Amino acid sequence: HMVSIDQLNQEQVVFVDDTGKPTGETGPKIDSHGAHTKLHRAFSCYVFNSKGELLITQRAAGKKIWPNVWTNSVCGHPGPGESYEAAIARRLDHELGLPTVNGLVNAVSEYIYKTPPYNGIVEYEFCPIFAGVLDQDPVPNPDEVADYKWVTWQWLLDEVAKDPHDPGVYSYWMKDQL
């Protein structure tokens with residue numbers, strides 16, 4: 001079933017300045033991703049297994065924001081007063097049925113990106129990049145994730161290099177982050 005607009009509107013995003021400092025303002029998630037998206041707090045997390053393979057996920061067809069594209073393991077928006085670590089654990093559980101990762105590191109602390117419009121939606125995020133290790137296959141939530149695979153870093157770099165379009169096979173932000 002599709003997530004209702006009411007449910008989407010209950011999730012609040014935190015608006016920030018270009019140093020990542022909260023402005024004190026929050027807003028409903030779906031309203032915060034239109035043509036005039038304001039900079040807000042988000043995260044990207046890359047989950048590796050002990051063989052060094054990366055978990056990539058395909059966003060569900062029903063998602064309002066960048067449906068069907070393949071992307072890094074998990075992304076999301078920390079809520080008001082929520083730490084990045086807590087938000088990552090919450091989204092890993094909700095999207096992938098996974099416990100939080102081991103040895104979580106903040107690999108890139110200041111990363112900002114803005115996407116071209118896709119279905120009228122623009123992402124504009126202050127989005128630190130995290131990485132961690134987990135040796136467990138996900139159990140995807142079908143409302144969030146259509147598919148997943150474990151890939152090598154080099155395979156992904158090669159695939160992304162062949163995907164110049166936005167929207168293409170892979171998410172704008174993952175291509176930019178790589």
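Are Tyr84 and Phe130 buried or exposed? Tyr84 is buried, and Phe130 is buried too. Buried means under 20% relative accessible area, exposed over 50%, and partly exposed in between, with a 1.4 Å probe and protein chains only.

This is a predicted model, in which local features need pLDDT of at least 70 and side-chain atom pairs count only at pLDDT 80 or more, while totals for chains, interfaces and linings use all residues. Residues are numbered from 1 along each chain as its sequence is written, and side-chain values use heavy atoms, with hydrogens and water left out.

Now to the rings. The whole structure holds eight aromatic pairs. Rings of Phe, Tyr and Trp (its six-membered ring) pair if their centres lie within 6.5 Å; planes under 30 degrees apart count as stacked, over 60 as edge-to-face and the rest as tilted. Tyr84 and Phe130 make a tilted pair, with 5.7 Å centre to centre and 40° between the planes. Tyr84 belongs to helix 2 (residues 84-96) and Phe130 to strand 11 (residues 129-133), so their pair ties together parts 46 residues apart in sequence. Helices (H or I, at least four residues) and strands (E, at least two) are DSSP runs, numbered from the N terminus. One aromatic cluster is formed by Trp66, Tyr111, Tyr113, Tyr118, Tyr172 and Trp173.

Charges meet rings as well. Lys38 lies over the face of Phe15, 4.6 Å from the ring centre. The charged end of Lys114 sits over the Tyr124 ring, 4.8 Å from its centre. The test asks for NZ of Lys or CZ of Arg within 6 Å of the ring centre and within 35 degrees of the ring normal.

Last, Gln58. Gln58 lies in strand 5 (residues 54-59). Gln58 counts as buried because its relative accessibility is 18%.
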